[in-house]
Amino acid sequence: MNNSVRYVIGVDPSGSFHEGKGTTGICVYDRQHATVVKLVCVYAKDYTCIEDYFKANFTAIDMLCNEYATTNKGDVIMPVVSMEEYLLYAKKAEAQIHSHMETCQLIGYLRVMIRDRDLQLYTRPAVTAKKRWTDDILAHRGLIVFSKNTYRHSKWDGALPMHLRDAIRHAVHCAEFEVDKK
(Lines give C-alpha, C1' and ligand atoms only; values in the text may rest on other atoms or scores of the structure.)
Protein backbone atom coordinates (compact mmCIF):
# COMPACT_ATOMS: atom_id res chain seq x y z
CA MET A 1 0.00 0.00 0.00
CA ASN A 2 1.66 3.16 -1.20
CA ASN A 3 0.69 6.59 0.15
CA SER A 4 -1.61 5.43 2.95
CA VAL A 5 -5.11 5.53 1.45
CA ARG A 6 -6.31 2.45 3.23
CA TYR A 7 -10.02 2.26 2.36
CA VAL A 8 -11.94 2.44 -0.89
CA ILE A 9 -15.69 2.91 -0.81
CA GLY A 10 -17.22 1.25 -3.86
CA VAL A 11 -20.64 2.49 -4.99
CA ASP A 12 -23.01 0.89 -7.47
CA PRO A 13 -25.76 3.52 -7.71
CA SER A 14 -29.31 2.82 -8.76
CA GLY A 15 -31.32 6.00 -9.09
CA SER A 16 -34.47 4.12 -9.96
CA PHE A 17 -37.12 5.60 -7.77
CA HIS A 18 -40.25 6.05 -9.86
CA GLU A 19 -38.92 3.58 -12.42
CA GLY A 20 -38.56 0.46 -10.34
CA LYS A 21 -37.52 1.30 -6.76
CA GLY A 22 -33.80 0.66 -7.05
CA THR A 23 -31.10 -0.36 -4.64
CA THR A 24 -27.69 1.25 -4.31
CA GLY A 25 -24.92 -1.08 -3.15
CA ILE A 26 -22.00 0.30 -1.13
CA CYS A 27 -18.86 -1.59 -0.14
CA VAL A 28 -15.94 -0.62 2.08
CA TYR A 29 -12.76 -2.35 0.93
CA ASP A 30 -9.61 -2.44 3.08
CA ARG A 31 -6.56 -2.21 0.81
CA GLN A 32 -4.17 -3.15 3.60
CA HIS A 33 -5.83 -6.51 4.19
CA ALA A 34 -7.41 -6.94 0.71
CA THR A 35 -10.79 -7.60 2.25
CA VAL A 36 -14.36 -6.31 2.30
CA VAL A 37 -15.06 -4.84 5.74
CA LYS A 38 -18.58 -3.44 5.35
CA LEU A 39 -21.55 -3.76 3.01
CA VAL A 40 -24.52 -1.37 2.93
CA CYS A 41 -27.60 -1.07 0.73
CA VAL A 42 -29.77 2.00 0.33
CA TYR A 43 -33.29 1.08 -0.83
CA ALA A 44 -35.48 3.51 -2.77
CA LYS A 45 -38.59 1.84 -1.35
CA ASP A 46 -37.67 3.21 2.09
CA TYR A 47 -38.17 6.85 0.97
CA THR A 48 -41.25 8.84 0.03
CA CYS A 49 -39.55 11.07 -2.54
CA ILE A 50 -36.61 10.78 -4.90
CA GLU A 51 -34.72 13.67 -3.29
CA ASP A 52 -34.74 11.92 0.10
CA TYR A 53 -33.50 8.73 -1.56
CA PHE A 54 -30.67 10.61 -3.30
CA LYS A 55 -29.75 12.34 -0.03
CA ALA A 56 -29.74 8.99 1.81
CA ASN A 57 -27.25 7.64 -0.73
CA PHE A 58 -24.81 10.46 -0.07
CA THR A 59 -25.40 10.33 3.69
CA ALA A 60 -24.45 6.63 3.68
CA ILE A 61 -21.25 7.36 1.71
CA ASP A 62 -20.37 10.33 3.92
CA MET A 63 -20.92 8.37 7.14
CA LEU A 64 -18.70 5.56 5.88
CA CYS A 65 -16.00 8.05 4.89
CA ASN A 66 -16.04 9.44 8.43
CA GLU A 67 -16.10 5.97 9.99
CA TYR A 68 -13.15 4.74 7.90
CA ALA A 69 -10.97 7.85 7.93
CA THR A 70 -7.46 7.05 9.12
CA THR A 71 -4.58 9.14 10.40
CA ASN A 72 -0.93 9.17 9.40
CA LYS A 73 1.52 11.42 11.25
CA GLY A 74 -1.35 13.65 12.35
CA ASP A 75 -2.92 13.90 8.87
CA VAL A 76 -6.45 12.62 8.33
CA ILE A 77 -6.62 10.35 5.28
CA MET A 78 -10.11 9.95 3.92
CA PRO A 79 -11.19 6.90 1.99
CA VAL A 80 -11.52 7.35 -1.75
CA VAL A 81 -14.86 6.78 -3.47
CA SER A 82 -15.09 4.51 -6.49
CA MET A 83 -18.28 4.65 -8.53
CA GLU A 84 -19.72 3.37 -11.75
CA GLU A 85 -20.25 5.83 -14.59
CA TYR A 86 -23.48 5.70 -16.53
CA LEU A 87 -23.14 4.94 -20.22
CA LEU A 88 -26.10 4.53 -22.51
CA TYR A 89 -25.33 1.52 -24.69
CA ALA A 90 -26.89 1.35 -28.15
CA LYS A 91 -28.61 -1.97 -27.47
CA LYS A 92 -30.36 -0.45 -24.42
CA ALA A 93 -31.06 3.02 -25.84
CA GLU A 94 -34.54 2.23 -27.13
CA ALA A 95 -35.60 0.94 -23.72
CA GLN A 96 -34.57 4.32 -22.24
CA ILE A 97 -36.87 6.37 -24.46
CA HIS A 98 -39.08 8.51 -22.19
CA SER A 99 -36.96 7.56 -19.17
CA HIS A 100 -36.23 10.21 -16.58
CA MET A 101 -32.72 8.72 -16.38
CA GLU A 102 -32.93 8.57 -12.60
CA THR A 103 -29.62 6.73 -12.22
CA CYS A 104 -27.88 9.48 -14.22
CA GLN A 105 -29.46 12.05 -11.93
CA LEU A 106 -28.27 10.17 -8.83
CA ILE A 107 -24.73 9.85 -10.19
CA GLY A 108 -24.64 13.59 -10.95
CA TYR A 109 -25.89 14.43 -7.47
CA LEU A 110 -23.33 12.13 -5.85
CA ARG A 111 -20.49 13.56 -7.94
CA VAL A 112 -21.30 17.09 -6.78
CA MET A 113 -21.72 16.10 -3.13
CA ILE A 114 -18.51 14.05 -3.15
CA ARG A 115 -16.62 16.99 -4.67
CA ASP A 116 -18.14 19.44 -2.17
CA ARG A 117 -16.97 17.13 0.64
CA ASP A 118 -13.42 17.18 -0.85
CA LEU A 119 -13.37 13.42 -1.32
CA GLN A 120 -11.40 11.83 -4.11
CA LEU A 121 -13.63 10.15 -6.70
CA TYR A 122 -12.69 7.51 -9.26
CA THR A 123 -15.20 6.47 -11.94
CA ARG A 124 -15.29 3.99 -14.78
CA PRO A 125 -17.88 2.33 -17.01
CA ALA A 126 -19.64 -0.60 -15.34
CA VAL A 127 -18.34 -2.98 -17.99
CA THR A 128 -14.71 -2.25 -17.02
CA ALA A 129 -15.17 -3.59 -13.49
CA LYS A 130 -17.64 -6.34 -14.44
CA LYS A 131 -15.37 -7.86 -17.09
CA ARG A 132 -12.26 -7.76 -14.92
CA TRP A 133 -13.88 -8.82 -11.64
CA THR A 134 -16.40 -11.56 -12.41
CA ASP A 135 -18.14 -13.36 -9.55
CA ASP A 136 -15.77 -16.30 -10.11
CA ILE A 137 -12.70 -14.05 -9.74
CA LEU A 138 -14.13 -12.37 -6.64
CA ALA A 139 -14.78 -15.83 -5.17
CA HIS A 140 -11.29 -17.03 -6.11
CA ARG A 141 -9.83 -14.00 -4.29
CA GLY A 142 -11.96 -14.85 -1.23
CA LEU A 143 -13.99 -11.64 -1.46
CA ILE A 144 -17.30 -13.49 -1.85
CA VAL A 145 -18.30 -17.13 -1.34
CA PHE A 146 -20.53 -19.32 -3.49
CA SER A 147 -22.85 -21.17 -1.13
CA LYS A 148 -26.36 -22.60 -1.37
CA ASN A 149 -26.64 -21.68 -5.08
CA THR A 150 -25.81 -18.01 -4.60
CA TYR A 151 -23.01 -15.64 -3.64
CA ARG A 152 -22.62 -14.60 -0.03
CA HIS A 153 -20.38 -12.60 2.30
CA SER A 154 -19.97 -12.82 6.06
CA LYS A 155 -20.79 -9.09 6.35
CA TRP A 156 -24.21 -9.60 4.74
CA ASP A 157 -27.16 -11.68 5.90
CA GLY A 158 -28.36 -13.87 3.02
CA ALA A 159 -27.64 -13.77 -0.69
CA LEU A 160 -25.56 -10.82 -1.90
CA PRO A 161 -27.68 -8.56 -4.12
CA MET A 162 -26.18 -7.79 -7.53
CA HIS A 163 -25.71 -4.12 -6.57
CA LEU A 164 -23.50 -5.16 -3.63
CA ARG A 165 -21.43 -7.50 -5.81
CA ASP A 166 -21.03 -4.64 -8.30
CA ALA A 167 -19.99 -2.26 -5.50
CA ILE A 168 -17.33 -4.79 -4.48
CA ARG A 169 -16.13 -4.92 -8.12
CA HIS A 170 -15.78 -1.12 -8.27
CA ALA A 171 -13.97 -0.94 -4.93
CA VAL A 172 -11.50 -3.71 -5.80
CA HIS A 173 -10.88 -2.36 -9.30
CA CYS A 174 -10.10 1.08 -7.92
CA ALA A 175 -7.86 -0.34 -5.19
CA GLU A 176 -5.92 -2.53 -7.60
CA PHE A 177 -5.61 -0.29 -10.66
CA GLU A 178 -6.37 3.35 -9.82
CA VAL A 179 -5.43 4.49 -6.31
CA ASP A 180 -1.79 5.56 -6.17
CA LYS A 181 -1.45 5.12 -9.93
CA LYS A 182 -1.79 8.79 -10.94
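W133 counts as buried because its relative accessibility is 0% (buried means under 20% relative accessible area, exposed over 50%, partly exposed in between, with a 1.4 Å probe and protein chains only). The model is predicted, so local features need pLDDT of at least 70 and side-chain atom pairs count only at pLDDT 80 or more, while totals for chains, interfaces and linings use all residues. Residues are numbered from 1 along each chain as its sequence is written, and side-chain values use heavy atoms, without hydrogens and water.

The whole structure holds 7 aromatic pairs (Phe, Tyr and Trp rings, the six-membered one for Trp, with centres within 6.5 Å; planes under 30 degrees apart are stacked, over 60 edge-to-face, the rest tilted). W133 and F177 form a tilted pair, with 6.2 Å between centres and 45 degrees between planes. This pair links distant parts of the chain, 44 residues apart. W133 lies in the loop between α4 (126-132) and α5 (135-140), and F177 in helix α6 (residues 162-177). Helices (H or I, at least four residues) and strands (E, at least two) are DSSP runs, numbered from the N terminus. F177 counts as partly exposed, because its relative accessibility is 42%.

The largest nonpolar core has 26 residues (buried Ala, Val, Leu, Ile, Met, Phe, Trp, Tyr and Cys joined through side-chain atoms within 4.5 Å). I9, I26, I61, L64, V81 and L110 touch the most other members. Elements giving two or more residues include β1 (7-12) and α3 (102-116). α1 gives the most, 9 residues. Another core, of 25 residues, lies apart; C27, L39, L164 and V179 are among them.
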